[in-house]
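I am opening a notebook on this structure. My entries say what I looked up and what I found.

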Amino acid sequence: MLKAVILIGGPQKGTRFRPLSFEVPKPLFPVAGVPMIQHHIEACAQVPGMQEVLLIGFYQPDEALTQFLEAAQQEFNLPVRYLQEFAPLGTGGGLYHFRDQILAGAPEAFFVLNADVCSDFPLNAMLDAHRRQRHPFLLLGTTANRTQSLNYGCIVENPQTHEVLHYVEKPSTFISDIINCGIYLFSPEALKPLRDVFQRNQQDRQLEESPGSWPGAGTIRLEQDVFSALAGQGQIYVHLTDGIWSQIKSAGSALYASRLYLGRYQITHPERLAKHTPGGPRIRGNVYIHPTAKVAPSAVLGPNVSIGKGVTLGEGVRLRESIVLHGATLQEHTCVLHSIVGWGSTVGRWARVEGTPNDPNPNDPRARMDSESLFKDGKLLPAITILGCRVRIPAEVLILNSIVLPHKELSRSFTNQIIL
């Protein structure tokens, strides 16, 4: 019997995802037509012996999250529960705090997945590796180039046994080109080192502060407190993958993840991809269109476009490398490139909304998405264009590399600006 835990974080995280995370919790943001964490749950549901999926985080269980959980249980015929932390507990604190719920039913092992990663989730391959050689911790790893590896947890492995000999989170100098994917398979005994960290933190807090002021002892960082400490002790191993993988830290990385998942649909869900039909819109490449969307037959869509629920696309609309969220309207002959159009927004006729992608170098197979700052020298860097919730763009306006916060109505063109 197996379980899975998805770490969804909380509203204090994901600031680089704003303004999109103002309207919906980041884990529920639609990527390739479905909520981000639905890809995780779907992968878990395909593992034989999976009995339950637990979501752990610090979000309030609002209506959107509750509806998603109910829909996921019905779709995958699998118990999916949300466990809310009493405070942000880090990547390992929630696992230890809810250890009784995780271990209920005596699972053989449990997967742990960070919500903000895009992957083809080779969970069955990880399970096979674990069963061949059982150890408390199995990490999924992939490769990055030397420069970008500094932005991730770096793993030094024994190439023969795949034991993790050394682990450093975001090192200041090059350590290894093998990086941590944020996807793990833990044995039940993996919770013992978390207990040791918790008890040590509690003792330190009680020594340093007055009694009763140690709630922070519950915060455990898997990467620094556990992986770095146990590396080289025969407890942590790595399983390498050459499949798709990316982090989803910013709106630009959400567009890139959408592209990866849409490409995967060719194999996993061809029914989700729109087909070019006589009298219908012209489809180029991989495109997802929600069944409730209304698309004019002269529209040209793709590649790598996701159109949400209740969207209306007028005659002559051109969409490429973009996400259009539910309820948005693109009037006649609008052009939207490398952008995210927010919920209920309106783009007027003959308007152009365009961003600058920050994609990995296609000539470097180890290149990853760069999570650069939005600003440099006080100026907004060129990036994808984001229209927040219920933004109104009038006719014949040009928006380039800009972020428009929710509930704004523009009257002129903007380039490289945040419209407050």
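**Entry 1**

I note the ground rules here. This is a predicted model, in which local features need pLDDT of at least 70 and side-chain atom pairs count only at pLDDT 80 or more, while totals for chains, interfaces and linings use all residues. Residues are numbered from 1 along each chain as its sequence is written, and side-chain values use heavy atoms, with hydrogens and water left out.

**Entry 2: the interface**

How much area do domain 1 and domain 2 bury between them? I find about 1,800 Å², with 57% of it on carbon and sulfur atoms. Buried area is the accessible area (1.4 Å probe) that two parts lose on being put together, summed over both. On the domain 1 side, P19, E23 and Q148 lose the most area to domain 2, together 28% of what that side buries.

I then counted links. There is 1 salt bridge between the domains, a salt bridge being a side-chain nitrogen of Lys or Arg within 4 Å of a carboxyl oxygen of Asp or Glu. D177 forms a salt bridge with R366, with the closest N and O atoms 2.2 Å apart. Helices (H or I, at least four residues) and strands (E, at least two) are DSSP runs, numbered from the N terminus.

**Entry 3: salt bridges**

I get 14 salt bridges by this rule. K3 pairs with E52 at 3.1 Å between the closest N and O atoms. K3 is in strand β1 (residues 2-9) and E52 in strand β4 (residues 50-57), 49 residues apart. Both K3 and E52 are buried; buried means under 20% relative accessible area, exposed over 50%, and partly exposed in between (1.4 Å probe, protein chains only). A network of salt bridges links K3, E52 and R81.

D116 and K249 also meet in a salt bridge, at 2.7 Å from N to O. D116 sits in the loop between β6 and β7 (117-119), K249 in the loop between β13 and α8 (251-268), 133 residues apart. Is D116 buried or exposed? D116 has a relative accessible area of 17%, so I list it as buried. K249, at 22%, is partly exposed.

I checked the cover on helix α1 (residues 36-45): 9 of its 10 residues are buried. Among them are M36, I37 and C44.

F76 is in helix α2 (residues 63-76). F76 has a relative accessible area of 17% and is therefore buried. Which residues does F76 contact, leaving aside neighbours within four places in sequence? I find Q38, I41, E42 and A45.

**Entry 4: S322**

S322 lies in strand β21 (residues 322-324). S322 is at 0% relative accessibility, so I call it buried. A polar atom of its side chain lies 3.3 Å from the backbone nitrogen of H338. Not counting residues up to four places away in sequence, S322 touches several residues, including L255, N304 and V336.

Definitions and conventions. A polar contact is a pair of N or O atoms within 3.5 Å; within protein, one must be able to donate a hydrogen and the other to accept it, and residues adjacent in sequence count only if both atoms are side-chain atoms. Contact means heavy atoms within 4.5 Å.
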